[in-house]
Amino acid sequence: MARPLQQQAFALDARFNAHRAPSNPNFRTLYIRRRSQLLRDTERNPESWKQYLRVRTQLLQQRYGCSLEPGTTSTALSRTVSKASIQSEVSPLTRNVQVTEGSVVPTNQAEASRAMVGGTTIAENYAFVGVHHIFDQHSEAVTMVKFANNDRSRLCCSSLDTTLSICCVDTKPPSVISVLRGHNKAVTGFDWSANNDLIASSSLDGTIKVWNVVKNVCLRTISDPTNAPLLCCLYNPINNNLLITGNGRGEVCIANVSTGLFMKNSCKIGGNILSLTSDTNGQIVWVGNDKGEIASLLCDISGNLCRTRRLTLSTSNTITSITYRAWISREAHDPMLLVNCTDSTVCLFRVIDHEGGLQLKRKFQNRHQRHFVKSIFCPIMSFRQGACIVTGSEDSCVYFLDIEKPVSRACVNTLQGHASPVLGVTFNYDESLLATCDLEGLVIVWKRAAGS
């Protein structure tokens, strides 16, 4: 019940978006996209959503001096519609979705969709074709790239050369702000804190280092209690004092940033833990290992872990990337996991219960057999028809895949610029830039085509 109300809140914002900054359409587009991100990551119970909708409707009507008239086309987003009328308008993917009173109607003509993407096609919105800048400060493979949260300019890169670098992409020319040195072995991954003042990095040297981004210094080093190599790390999204880690002994542990100590409880999964993600509340954590397994764990506010589910994709392959999204399009209302596996597939799973159980939704082929290739959900998502993911590949290309199209026609854009396997991909928050990294240590920042 909460998700239809969440979507209705976005539709309400889209309805009034035409009244905002009438002389600045770029601002309106950016505003509605940012609202989509905020609403998508907000958790409320149904009663709280209803109250929020009532209050926000009143505020918007007072602010812009107009109301939602029941008989107009624009209110098709939030009116009560009979099940029979919906069946004739939605695609087969949505016909099994129960539509509740007051929920958003997922039609091709939805006003929220047009407001979100400016009336352009899905291929036009993902037309990243120009190279904004190329960074080559790393001497070995760049294992991960990630823009700071809600930031369009700061980009962090981790590398097998034992360093991390922070780049600014909106200066002329773009530049490397700092290089973080301190690990003795390859840096396997990192995560920004919620307010971007800290970065936590994991390394094969068996330590987590917490860096002050402003002063470019290491504030704390946290050593794995078993001296195992640390292969991934993730801030708890609700409590940034807790760091979730995966190591080479198949254990998922939680470190306390303030004390610099690992908590006593841990979960034994097996293999090497290579990828981590969590839901927006930090209550469910999914981990992937080199045995082709995805395990889901429950995590309470104190950091206690409890394993609940396990799914084996392929015992002879490796899960190299897991990414969570609460919902991604009008046709895909459920929470989703995006997974890369070394059997040359990118898999999209639906989260089916409160214990993190998974059900396969789509599977795409991708050249991927040896390296730690990652993928992400595209941020240009909401109520438009269709939704995209972006993945690296061992054939040196970057692929944009529409998850709602048949597999044979899913690819809507291909970027060719790397000369070695593409390992990581990341968007900045306003979706104007895409950064990709490869096995030779090159980072390419792509810009979207003019007018898209």
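**Aromatic pairs, a sheet and a core**

Colleague: How far apart in helix H3 are Trp-49 and Tyr-52, in helical turns?

Modeller: Helix H3 covers residues 46-64, a helix being a DSSP run of H or I with at least four residues, just as a strand is a run of E with at least two, both numbered from the N terminus. Because Trp-49 and Tyr-52 are three residues apart in this helix, their separation is about one helical turn. This is a predicted model, in which local features need pLDDT of at least 70 and side-chain atom pairs count only at pLDDT 80 or more, while totals for chains, interfaces and linings use all residues. Residues are numbered from 1 along each chain as its sequence is written, and side-chain values use heavy atoms, with hydrogens and water left out. The separation asked for is about one helical turn.

Colleague: How many aromatic pairs does a search of the whole structure find, and what kind of pair do Trp-49 and Tyr-52 make?

Modeller: The search finds two aromatic pairs, where rings of Phe, Tyr and Trp (its six-membered ring) pair if their centres lie within 6.5 Å, and planes under 30 degrees apart count as stacked, over 60 as edge-to-face and the rest as tilted. For Trp-49 and Tyr-52 the ring centres are 5.8 Å apart and the planes stand at 90 degrees, so this pair is edge-to-face.

Colleague: Is Trp-49 buried or exposed?

Modeller: Buried means under 20% relative accessible area, exposed over 50%, and partly exposed in between, with a 1.4 Å probe and protein chains only. Because its relative accessibility is 1%, Trp-49 counts as buried.

Colleague: How many residues apart in sequence are the parts that Trp-286 and Tyr-324 tie together?

Modeller: Trp-286 and Tyr-324 form a stacked pair, with 5.4 Å from centre to centre and 15 degrees between the planes. Since Trp-286 lies in strand E15 and Tyr-324 in strand E18 (residues 319-325), the pair ties together parts whose distance in sequence is 38 residues.

Colleague: Over how many bridges do strands E15 and E16 pair?

Modeller: E15 and E16 belong to an open sheet of four strands in the order E14-E15-E16-E17, with antiparallel pairing, and two strands pair if DSSP finds at least two bridges between them. Strand E15 (residues 284-289) and strand E16 (residues 293-299) pair in the antiparallel sense, and the number of bridges is five.
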